[in-house]
Amino acid sequence: MAAAKEGPLRKIKALRWWMIGLLMLGAIVNYLTRSTLGVAAPTLLVDLHITAKEYSWVVAAFQGAIMLQPVCGYVLDVLGLKLGFAIFALSWSVISMAHGLAWNWQTLAGLRGMLGFAEGAANPAGMKATAEWFPAKERGLAGGVFNIGASVGSMLAPPLVAWAILAYNWQAAFVITGALGLVWVAAWLWLYHPPERHPRLSVEERAFIAQGQEAHLRSAGTRPSISAIARQRNFWGIAIPRLLADPTWGTLTFWVPLYLTSVRHFDLKQIALFAWLPFLGADLGSVFGGAVSMWLQRRGVGLINARRTAFTIGALLMTAVSLVGYVESPYTAIALITLAGFAHQTLSVTVITMSSDLFRRHEVATVAGMAGTCGNAGLLVFSLMMGALVTTVGYTPFFIGLGALDLVGAAVLWTVVRERKPDAA
């Protein structure tokens, strides 16, 4: 009997949102694996006899390697999003599982360095997908949806890692989170296709995406030039605010569990109960930042000014974190840190998305990677300062610093960035 002939695949309505959802799941896994160390730190540091200063070098190894994001972005731009991101995600999953083999701070730092390089692909991948799949008016919200993954992954880490440690050991926590990454890689290779070749994308949605994208930012068909990008003021207009803002995320991920243990005297169960709350706030901030930008655009505010306004709102809210060291109640401190998570993602998703607003399609992943390098440089310096000084001056000066840095970033965003004109080169 002859085989039945397959008909055309059924089109999926609003497929672009399903695709950004798939990227968001990848970001969840990415940030879950990178956040495992922070939650496991109070246990791991005791087991491996690691000091706070040595721990800062372990964190620095990750941040130093993730500063190679421009390399990741360049690979994604050259190989394409599907293959390039699959390679990086497979790598970070295996490396995360290998963390369970660490026996001292040096081996742990080496593994963190390798993990940092592989995980540096996440944000460039998300921005590249946003640029390819969404019209300009939706990119802010799409970027917010993607960045929910960072918050959700970090939010899942405290209860999941604490459970793994209590049920098994800290080594098992790294194996479990890494294995989840392997599952996602299989789903990615099966489900993702670029918009120009996706069999489930309707003609109407493909046209809607294309018509809503700025003609002057469409790919020129050439490879991105890192030197040419670095000479543009708009690059520095978004890179410097990243440098000033990203220390907040590193503090929430790597240092807050230690702060809660050493200063607020939380045990592992209390960390599991409360340390995820700042990332819940960050989830809400990811959506809020994109929604504010979209709301302003609908009321006649230009795209870039809408982004800058959303960033400024987040920067003003961030000033509340300066009070963390002065409140007596640990629960008030948690509330202020949670507000910091909300404020940070409000402004962070805004400035990250601007790489797709200001640069051509074939440059977006490279620009996002280069800006990410600046952001992680700020986090690296801030983390090393914490490791060197926190045992003598405490955490309060660092919380005050986080509250002030984003205000400077907002000033840079308003004064340096220029909206790109259609006839600009």
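Helices (H or I, at least four residues) and strands (E, at least two) are DSSP runs, numbered from the N terminus. The model shown in these views is predicted, so that local features need pLDDT of at least 70 and side-chain atom pairs count only at pLDDT 80 or more, while totals for chains, interfaces and linings use all residues. Residues are numbered from 1 along each chain as its sequence is written, and side-chain values use heavy atoms, with hydrogens and water left out.

**View 1. Histidine 265, in the loop between α11 and α12 (268-274).** Although histidine 265 is not a glycine, its phi is positive, at about 60 degrees. Most residues other than glycine have a negative phi. Histidine 265 has a relative accessible area of 64% and is therefore exposed, where exposed means over 50% relative accessible area, buried under 20%, and partly exposed in between (1.4 Å probe, protein chains only).

**View 2. Histidine 49, in the loop between α1 (15-47) and α2 (52-66).** Histidine 49 is a residue other than glycine with a positive phi, near 55 degrees. Because its relative accessibility is 68%, histidine 49 counts as exposed.

**View 3. Helix α11, which runs over residues 233-262.** The 30 residues of α11 reach 43 Å from the first C-alpha to the last, close to the 44 Å expected at 1.5 Å a residue, the expected span being 1.5 Å times one less than the number of residues. At tryptophan 255 the helix α11 bends by about 55 degrees, and proline 257 follows within four residues; the bend is the angle between axes fitted to the seven residues ending at a residue and the seven starting there. Helix α11 is mostly covered, with 24 of its 30 residues buried.

**View 4. The packing of helix α6 (residues 122-133) with helix α7 (residues 136-167).** The two helices α6 and α7 pack at an angle of about 145 degrees, with their axes 10 Å apart; axes are lines fitted to C-alpha atoms, for helices over the stretch in contact, and angles run from 0 to 180 degrees between N-to-C directions. Among the residues that meet here are Gly126 and Met127 in α6, and Arg139 and Phe146 in α7.

**View 5. The buried residues of helix α4 (residues 81-98).** The buried residues of α4 include Leu81, Phe85, Phe88, Trp92 and Ile95. What covers the buried residues of α4 includes α1, α3 (69-79), α5 (105-119), α6 and α8 (170-191).

Key:
Contact = heavy atoms within 4.5 Å.
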